[in-house]
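Hi everyone, thanks for coming.

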Amino acid sequence: IITCPFKCIEVQEKGVKVLIGGRWGREGRKGSYLQGIYEVDKALDIVEKIILVYRDNAFKKERFADMIDRIGFEKVENLILQSDVLDRKHEIIAKEIMKR
């Protein structure tokens with residue numbers, strides 16, 4: 001068993017566990033783990049997908065944690081883990097940011 005250096009989880013495989021949606025400050029929010037354990041290269045793809053999902057779904061100046069609360073962790077996780085997000089990268093970047 002490989003133990004997390006922060007003593008958060010114990011796993012039977014090496015890799016990176018991805019935590020999203022945490023926030024410091026007055027309105028702190030504990031982050032949530034995505035499903036799976038990833039090799040470092042795959043984890044970097046996941047980080048890129050997280051940024052694209054945020055860009056595609058957040059309102060202007062909305063925090064990532066607030067977006068997760070608004071649309072739901074399960075939906076955000078599905079959007080991150082589905083493969084077409086990277087295929088739509090240029091479309092998402094060119095898209096105008098939503099206003100409330």
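I'll start with the chain as a whole and then turn to one pair of helices.

A quick word on conventions: this is a predicted model, where local features need pLDDT of at least 70, side-chain atom pairs count only at pLDDT 80 or more, and totals for chains, interfaces and linings use all residues. Residues are numbered from 1 along each chain as its sequence is written, and side-chain values use heavy atoms, with hydrogens and water left out.

The protein chain has 5 helices and 4 strands, taken as DSSP runs (H or I, at least four residues, for helices; E, at least two, for strands) numbered from the N terminus. Their order from the N terminus is β-β-β-β-α-α-α-α-α. Along the principal axes, the C-alpha atoms fill a box of roughly 45 × 35 × 20 Å. Of the 100 residues, 33% are buried, meaning under 20% relative accessible area with a 1.4 Å probe, protein chains only.

Now the helix pair. How do α1 and α3 cross? The axes of α1 (residues 40–57) and α3 (residues 73–81) come within 8 Å and cross at roughly 125°; axes are lines fitted to C-alpha atoms over the stretch in contact, with angles from 0 to 180 degrees between N-to-C directions. The two helices are therefore oblique to each other, the class left after under 35 degrees (roughly parallel), over 145 (roughly antiparallel) and 65 to 115 (roughly perpendicular).

Who makes the contact, that is, heavy atoms within 4.5 Å? Ile46, Lys49, Ile50, Val53 and Asn57 from α1 meet Val76, Leu79, Ile80 and Leu81 from α3.

Key. Contact means heavy atoms within 4.5 Å. Buried means under 20% relative accessible area, exposed over 50%, partly exposed in between (1.4 Å probe, protein chains only).
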